[in-house]
Amino acid sequence: MGNKQTIFTDEQLDAYQVRLLHGRYHELAPHLVPMDYTNDPDCKLPLALIVNMPELKENPFRNRIVEAFSEDGAGNLSFNEFVDMFSVLSEMAPRELKAIYAFKIYDFNVDNYLCKEDLEKTLNKLTKEELTPEEVELVCEKTIEEADLDGDNKLSFTDFENMISRAPDFLSTFHIRI
Amino acid sequence: MEQEKGETGETNEKGKKKHGSAKKEEKEEDEGKHTVKEEAQEVKKKKHKKVIVTSSEPETSEADDHEDDDNEETEVRPESLSPEELEKLKEAMDERKKLIQSLRGKPWPMKQKLDTLRESQEFVEKHEGALGKGRGRKLYAYKVMMTKKWMKFQRDFENFKTACIPWEMKIKEIESHFGSSVASYFIFLRWMYGINMILFGLTFGLVMVPEALMGKSYGSIPRKTVPRAEEASAMDFAVLWDFGGYAQYSVLFYGYYNNQRAIGWLKFRMPLSYFLVGVGTVAYSYMVVIRTMARNANESGIGDDNSFNFSWKMFTSWDYLIGNPETADNKFASITTSFKEAILEEQESLKDDNIHLTRFLRVLANFLVLCCLAGSGYLIYFVVRRSQKFTLDGLENHTWWERNEVNMVMSLLGMFCPMLFDVISTLENYHPRVALQWQLGRIFALFLGNLYTFIIALMDEINIKREEENIVKFNITMWEASLYNGTLMENSTAPPFTIHPADVPRGPCWETMVGQEFVRLIISDTMMTYITLLIGDFLRAVLVRFLNNCWCWDLEAGFPSYSEFDVSGNVLGLIFNQGMIWMGAFYAPCLPALNVLRLHVSMYLQCWAVMCCNVPQERVFKASGSNNFYMAMLLVILFLSTLPAIYTIVTIPPSFDCGPFSGKKRMFDVIHETLESDFPVWFSKVFSYASNPGLVLPFILLMALAIYYLQSTAKSYKEANVELKKKVQMQNEENKKKNKRAALKAQLDLEEARKAASQAAEQQKNNASPHDQEANVDNGVSQILHHGKNGSNPPPPVRGQECYLPAPVPRTNHRGIHGATGYRPGCPQQSETRMYRVPSLQRH
């Protein structure tokens, strides 16, 4: 019936943009990705391919980003998930949605909390491990102290959201243009 | 048919819409007026839902047929609608529309979003006809498109504006390697460059160009010609470098300008323009500095929210747009530096030390500094007196050093004293930012002393020149008389005087002399800075790098090592340089142009030197708040530099033989003259009334009162602001405490529940199978959990989700894997996994 093609409505996504995205998706693995989605093919691209896209290549969190949007959690994205990822990271996405996905991205051990290890990993990725262990310890402690509202020594989604909703640069930095 | 529609839909959104709506319209036409239902409404909805759920699997054209069948079955006539049902329908429509609008913001997977969207859209379109809102869709789509286009245009314009800012990438690079304090110097430099460009535009466009184009050309009148005596050496490089010779008799200096009231075919009022440009540069500078100060004060007030400093740094500092490896490297360096800065701030606030020792050391340091300043002040005074003696003797009898003694001594003092102050400041042990401010203050005092000594020297010279004037005036009348007598003796009908302008005896021109002094000072200052840079930084770096291999101790770590960028010295140099410009711009219109050139070269030279020869400071600190400090100093300097210029304009009569004001009693007489001749009569009358002291004094008094009132209101607002901030902070802390208490309570409750449950489980151990037991335990515990942990639950489950998660799934999942992989916010399975978290917390 071709419902899959009529699903890109203007109210949700710009169809022209979606065609662009499809082009990019296809580029990643021309032999795997079909041009025609009429039969709803079930093809997923592995993490390694997606992470090499120029928009993601320099990002220290690229692995986590792709994993957060994949259904199986291992980073294999179908086209729908691919579109989802860039849609959330575009500048039109609302703040709350971005906050939800940002939380997922920074949650390395996927336990729905940002615990100290998650923060340490984030910090080390951000500074390329240039800080001394004492400094890392200090920063993580201060972060938890600042944002943790319920006193469980880790950040739940509510804590994270409360903190990120006041951040002035969040929307402008959590943004990928494609 | 459907496939066709699908493909066209993909290529053109509008086209697809047309197709889509056309399709719907067709349907509506088919069904005619029976698109609306009443009692069958809910039934229909369910039918629609079912139809769509099944069609989300591999599409077939049967789905649409089903829909058609559906519609044909339920034929309803709109006449049979009652008002309440109409209302209900409207509500349902609004609900659906809202769902469509908010669909973007829901964190569902794409598939689900799309399915819901399709379903809602079909519902809306089906029933839109009945409510007569069919056209709204097109308008809405048009509006959406226009909004998108407008956003894109705005974004492009912002990008263009940002791209226009010069040296942005350079400064970013420096910032990422050296921190924000070093970068603040370069940002300040760039800002100064902007101001000087405007000043240059004013002086060049309104003073130099008109005179050059429309005024009398070189050599036509005496003041525009090199005197015969100097002609031989007028082109020498040494003379030109000193701004004598041809350089002196050009638009660059005050003396060249003619006092003709209007020049050229445009009737350009040259003297008026000269005067107004002078006043305008000062006024513009004041305005810009004060406006920047006000803006900085605003920003520092708002952006001072320190409550989430580290969290924000951690989660919002990486810019996801970066795709270039070099930029990424810079960003990593910048983030690391920023963290180090924040850590330093944190540690400084935790330090506590021995108060008495520190206080004593600080008093000692200040005493030493005062001694230094007094010493340098006396030295300059001594040197200036000596140079005055030399001038009286005649300059040719002395060596080069003795001739330029004042300049050299001032420059040397300016170079060595700041280093001395730096060493002394190690005694004081302040926070680096505070230490920087003290250093700046001290160097400021030093430079101020230099400046005012220089001005005193200048005033002496001006007075000498003015005395000379009277003598020259007398000589000129004698010379003219002799000429006249001479010709009269030869011929009774005297031909007009044809004396070459170069031969006419000239009056002294103290304004040009002042202008020249300033220009020479700026040049020597610039040269000194660049040479210090090359020797002190570059040569030192080269030596350290290459001699290190064959030297006894480690040069890089030990004595000379690489130099650090001296922020305070450079900033002060910049500020004082600008002060010179403001002082001298009235007498030498070329000064802003010179300064623009100098700043341009400085920017590139210093950027290169910083990246090449300097190392980042060991203790990197944030420059926030320093900005207003620089501005405050700039304002003080502006005030202090315009004072002498204003004094000379108001009190000293202009030279009789040079400049646009020659012949007037005072320079500001030109305003009076313009008012009388160029404006209508009633204007000057009004002005004369307005400038009556009886009116001016009360006006000044009123303004003073207004200023006082505004200041006190501002103070009270600031205090209220601080109070509010404190309140918010206290509220936050209370909330935290409350939440902590609630969490503890929930833990205790959970413990009790677990105990009770495990007791019950033990009792039932013999009766029930293990499976159900644990299910019961989990059930009971999760219920209590939901009650207890209200504040820290994830966002409430979204309605549409539940149909996708049949009940048994979470139970089997949570047993195996702790961190469930396919997690979605609001999913009930999370509460199960959370249950496993709590006990571990207790063990902490």
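## Helix α8 of chain B in its setting

Guide: Chain A has 11 helices and two strands. Helices here are DSSP runs of H or I with at least four residues, strands are runs of E with at least two, and both are numbered from the N terminus. The model is predicted, and local features need pLDDT of at least 70, side-chain atom pairs count only at pLDDT 80 or more, and totals for chains, interfaces and linings use all residues. Residues are numbered from 1 along each chain as its sequence is written, chains are lettered from A and ligands numbered from 1 in the order in which they are written, and side-chain values use heavy atoms, without hydrogens and water.

Of the 844 residues in chain B, 40% are buried; buried means under 20% relative accessible area, exposed means over 50%, and partly exposed is in between, with a 1.4 Å probe and protein chains only. Counting contacts in chain B with a separation of 6 or more, 76% are between residues 24 or more positions apart. A contact means heavy atoms within 4.5 Å.

B:Trp167 lies in the loop between α7 (136–164) and α8 of chain B. Its phi is positive, about 60°, although B:Trp167 is not a glycine. B:Trp167 counts as buried because its relative accessibility is 12%.

At 53% relative accessibility, B:Lys267 counts as exposed.

Now the helix itself. In α8(B), the buried residues are B:Ile171, B:Ile174, B:Ser176 and B:Phe178. An α-helix has 3.6 residues a turn, so residues three or four places apart point the same way. Just after α8(B) comes B:Gly179, with a positive phi of about 95°.

The partner to look at is α22. Helix α8 (residues 168–178) of chain B packs against helix α22 (residues 591–613) of chain B at an angle of about 30°, and their axes are 11 Å apart. Axes are lines fitted to C-alpha atoms, for helices over the stretch in contact, and angles run from 0 to 180 degrees between N-to-C directions. That angle makes α8(B) roughly parallel to α22(B); angles under 35 degrees count as roughly parallel, over 145 as roughly antiparallel, 65 to 115 as roughly perpendicular and the rest as oblique. The crossing of α8(B) and α22(B) is left-handed, meaning that the near helix is turned anticlockwise from the far one by less than a right angle; clockwise would be right-handed.

On the α8(B) side, the contact is made by B:Lys170, B:Ile171, B:Glu173, B:Ile174, B:His177 and B:Phe178. On the α22(B) side, the residues are B:Met603, B:Tyr604, B:Cys607, B:Val610 and B:Met611. Sorted by class, the residues of the contact of α8(B) with α22(B) are eight nonpolar, one polar and two charged. Ala, Val, Leu, Ile, Met, Phe, Trp, Tyr, Cys and Pro count as nonpolar, Asp, Glu, Lys and Arg as charged, and the others, Gly among them, as polar.

Helix α10 (residues 157–164) of chain A and helix α14 (residues 309–316) of chain B pack at an angle of about 95°, with axes 10 Å apart. That makes α10(A) roughly perpendicular to α14(B). A:Phe160, A:Met163 and A:Ile164 of α10(A) meet B:Ser311, B:Trp312, B:Phe315 and B:Thr316 of α14(B). The contact of α10(A) with α14(B) has five nonpolar, two polar and no charged residues.

Last, the cores. The largest nonpolar core has 97 residues, and B:Phe186 and B:Phe188 touch the most other members. A nonpolar core is a set of buried Ala, Val, Leu, Ile, Met, Phe, Trp, Tyr and Cys residues joined through side-chain atoms within 4.5 Å. Leaving out residues up to four places away in sequence, B:Phe188 touches B:Val571, B:Leu574, B:Ile575, B:Tyr630, B:Met631 and B:Leu634. A second, separate core has 71 residues, including A:Val88, A:Ala99, A:Phe103 and A:Cys140.
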